[in-house]
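The stops below follow one another as a sequence of selections.

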Amino acid sequence: MRVLGIESSCDETGVALVDASGPGVPRLLGQALHSQIAMHQAYGGVVPELASRDHIRRVLPLLAEVLSQPGCTPADLDVVAYTRGPGLAGALLVGAGVACALGAALGKPVLGVHHLEGHLLSPFLSADAPVFPFVALLVSGGHTQLMRVDAVGSYELLGETIDDAAGEAFDKSAKLMGLGYPGGPALSRLAQDGDAQAFKLPRPLLHSGDLDFSFAGLKTAVLTQARKLGDDLEARKADLAASTQAAIVEVLVKKSLAALDATGLKRLVVAGGVGANRLLREQLDAACARRKVRVHYPELHLCTDNGAMIAMAAAMRLAAGAQEANAAYSFDVKPRWPLHEIVPPA
Ligand code: KG4
Ligand code: ZN
């Protein structure tokens, strides 16, 4: 069974094809991605209308590229999956519309996938695939959540951010340091040359006793510090970046360990854009090795948004008995859609 995945929830158009024939985890046959970052950079963030229009421009050429990689034609597709939500409504509609039109033209079923389920299951595409059950740390630009995952579709929310997401904390701090958009990768690069102890920044909710996060106060503290530095900011930027990154990472690591303690599980899966952060990986690896906990990450290029994770999530839902793929070709999108509300496949 060949499953096509189309991702268009935000500022990346991703298309990918997986082969889900036979036992074992599905295999990636082809993938292509267009990032709109350069286009949105001039505005300091994603402009939804520009995002939608660019998805329209990119999606069909990307589809042709993906099909050509394994030498397939549209007729070789068995299921067409797309990101149904959460995300920008107009951007989601492009992927959903194209997927349903393609399905209708080919007479093949379509399946709407939850974007965060895609992130969550993306480590299954890596050579060191996890096994259920596990604790998942989902850290993207829009979400920061800890989940208990017992099977495909069985997601119990353990804790989440009460305000900004971890990626947002990276991005907003980076923006006020003049590092552009999205600032997470740039801030983390700059932090390599800085002293993480240079500035004392808050670790919000670190000792709250629950598994929730809060990053809005940290961003304000970074802003206050930047203002205090004034003309010295330029010279101390690497130190401020390193201190900011250390604060975000410490909270993510400690709360992940607390979630492992609370559930008694010995496996952690990290997913979402911030999962690409090197310091986060180093600190989680070290802390988990001490506790004999296995940690799994998506491959670096699959941490941020992509089509492969959508094709993968669809294939895994179908393999788990999902009946949702349908040939009605009517669609809606769900810009707001909590992950723990989706139902198990059977
Ligand atoms: O998962 P993703 O591609 O998009 C959403 O679904 O939100 O995540 C994007 C987020 C951005 O906030 C970006 O700054 C952050 O992931 N990010 C990083 C790194 N790479 C991406 N944050 C810190 N360090 C990185 N290396
Ligand atoms: Zn994402």
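**From a central strand to the core**

Select strand β6 and strand β7 (residues 144-151): the two run antiparallel and are joined by 6 bridges, where strands are DSSP runs of E of at least two residues, helices are runs of H or I of at least four, both numbered from the N terminus, and two strands pair if DSSP finds at least two bridges between them. The model is predicted, with pLDDT of at least 70 required for local features and 80 or more for side-chain atom pairs, whereas totals for chains, interfaces and linings use all residues. Residues are numbered from 1 along each chain as its sequence is written, chains are lettered from A and ligands numbered from 1 in the order written, and side-chain values use heavy atoms, without hydrogens and water.

Within this hairpin, 4 residues lie between the strands, and Phe-134 stands opposite Val-149 in β7.

Now colour β6 by accessibility. Because 6 of its 6 residues (134-139) are buried, β6 is largely enclosed by the rest of the structure; buried means under 20% relative accessible area with a 1.4 Å probe, protein chains only. Phe-134, Ala-136 and Leu-138 cover one side, and Val-135, Leu-137 and Val-139 the other.

Then select Leu-137, Phe-215 and Leu-252, which are among the residues with the most contacts inside the largest nonpolar core, of 46 residues. Such a core joins buried Ala, Val, Leu, Ile, Met, Phe, Trp, Tyr and Cys residues through side-chain atoms within 4.5 Å. Helix α8 (233-263) gives the largest share, 13 residues.

Key: Buried means under 20% relative accessible area, exposed over 50%, partly exposed in between (1.4 Å probe, protein chains only).
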